[in-house]
Amino acid sequence: MSFDSDSINKKRQRNDKWSRYVVTGFGGLVLLTLVILITHLISQALPLAYTPSLSPLASYSVDKHQRILRAGDVLNDQPILVQPNGCRLGLSVIKDNKLKTRHEYIRPCDYELSTVSLMGENFIVDVSPNAQVRIMPVRNFHMGKQTSEKNDEIDIAASMLTNFITFSLPKERWHQREAWQIALSVNWVVVAIEDANGVWIRWINRQRPTHVVDQFFNDTKRYLLLPGSEGVLVHKGNALMLNRLRDSGNELIHATQGVISFTDDMALFALEKQRTFFLYNPIDSTLTRWVFVRDASGSRYEKTYEVSLDGKERVLDVAEHASMNLVSVLTNKQRILLINRVSGELVNAQKITSPKLARYPGMAIIYTARPIIHCLSGKVRI
């Protein structure tokens, strides 16, 4: 064999050697990518095979003279709203492993102070003697580390000037009130004032506060505000009636098309988006879910599923999770029922020691026993 032939063969062998290395390397990368993808899919799908459950994370107490009004994700520095003695509301956070008041919202004692929440965000509501209403998100209050009292006051004032909702109510009607409620949606603020003759309701458009709609329903004291679906449920006689904001005047239609005979013993629970409600019937110890529908036959609520409870077990509260397909139900037998929100399947039931469930969707569930707040977490999706 000639010298040129030997040189060409050696060059080919060197090229083939490097080609094998390149092919082997890319093949290894492909296999590694497949392993990573399969591992990721398994890690994401594995929780679907678990049974949802709750486990305690922490317990914090407030002073004995305080009362918890609205829960918050205190583990992530979201303040909770408490009511101490006097004409004030307190914003409490964790400090030195205890709940301490970080800021107090103080008003004269002839003001009405209340709280409301929307999709896990808490708001402070104050109404003056002249029926001027102000609604302020709790996040507007500077809750970070305080550099100086003067700077802290400036931050709060600047935030409130740009973010709070304000409007007025009829002064005479406000002074005649026996009770009142307020509810929020993305587009509306709804205020209901009860007096001896019935309930007066005002809708205020959040984008255009001068756009208001007034309604009055006589001879009724039971109602459920649903601003998310732009409606209100009213108990009339033995029927559950529905009024839509788009309807003319105070027109009422049967909310359930005569499916149920609504009595004083029944209880209604609205979910966060206020487009769905749960109805508890103590006669047969059932909890039913009703969803708003609109078709050729008109607007109404339809029952989607029914959950049977133990005999004489009474529902105290219902809360939903913000991201999980989960509804939590608290009963008077100190049980929390975890329900698949879509199918109605009862996936778990747990005993607890707290008598009060607070709606907060940021964690699996946070329930409060005044004056103690218990934080629980569920890590399983259903």
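Guide: We can start with the whole chain and then turn to single strands, loops and residues.

Visitor: Okay, what kind of model is this?

Guide: This is a predicted model, so everything we say here describes a prediction.

Visitor: How many helices and strands does the protein have?

Guide: The protein has three helices and 28 strands.

Visitor: And how much of the protein is buried?

Guide: Of its 382 residues, 45% count as buried, and the accessible surface of the protein comes to about 20500 Å², with 51% of that surface belonging to carbon and sulfur atoms.

Visitor: Let's look at strands. What is the order of the strands in the open sheet of four?

Guide: The order is β14-β15-β16-β17, and the pairing is antiparallel. Strands β14 (223–226) and β17 (253–254) stand at the edges with a single partner strand each, so one side of each has no neighbour in the sheet.

Visitor: How many bridges join β15 to β16?

Guide: Six bridges join β15, residues 231–236, to β16, residues 239–244, and in one of these pairings Lys236 has Ala239 in β16 as its bridge partner.

Visitor: What holds paired strands together in general?

Guide: Strands of a sheet pair through backbone hydrogen bonds, and they can do so in a parallel or an antiparallel way.

Visitor: New topic: which way do β19 and β20 pair, parallel or antiparallel?

Guide: They pair in the antiparallel sense, over six bridges, and Tyr280 stands opposite Leu287 in β20. The two strands form a hairpin with four residues between them, and in this hairpin Ser285 takes a positive phi near 55 degrees.

Visitor: Is Ser285 buried or exposed?

Guide: Ser285 counts as buried, because its relative accessibility is 6%, and the cut-off for buried is under 20%.

Visitor: Which other residue has a positive phi, near 65 degrees?

Guide: That is Ala131, which is also a residue other than glycine. Ala131 lies in the loop between β7 (121–127) and β8 (132–137), and with 0% relative accessibility Ala131 counts as buried.

Visitor: What does the side chain of Gln215 touch?

Guide: The side chain of Gln215 makes a polar contact of 2.8 Å with the side chain of Trp203. Gln215 lies in strand β13, residues 212–218, and counts as buried at 3% relative accessibility.

Visitor: And Val93, where is that?

Guide: Val93 lies in strand β4, residues 88–95, and is buried with a relative accessible area of 15%. Val93 and Asn76 are 17 residues apart in sequence, and their C-alpha atoms are 9.4 Å apart in space.

Visitor: Last one: which residues make the nonpolar surface patch of about 670 Å²?

Guide: The patch is made by Val30, Leu31, Leu34, Leu37, Ile38, Ile42 and Leu46. Among them, Leu34 is found in helix α1, residues 3–45, and Leu34 counts as partly exposed, because its relative accessibility is 45%.

Notes:
Residues numbered from 1 in each chain as written. Predicted model: local features only at pLDDT ≥ 70, side-chain atom pairs only at ≥ 80, totals over all residues. Heavy atoms only, no water. Buried < 20%, exposed > 50% of the residue type's maximum accessible area, 1.4 Å probe, protein only. Areas by Shrake-Rupley, 256 points an atom, 1.4 Å probe, with all protein chains shown as cover. Pairing = 2+ DSSP bridges. Polar contact = N/O pair within 3.5 Å; in protein donor to acceptor, adjacent residues only side chain to side chain. Patch = residues over 30% accessible without salt bridge, like charges linked within 9 Å, V, L, I, M, F, W, Y side chains within 5 Å. Salt bridge = Lys/Arg side-chain N within 4 Å of Asp/Glu carboxyl O.
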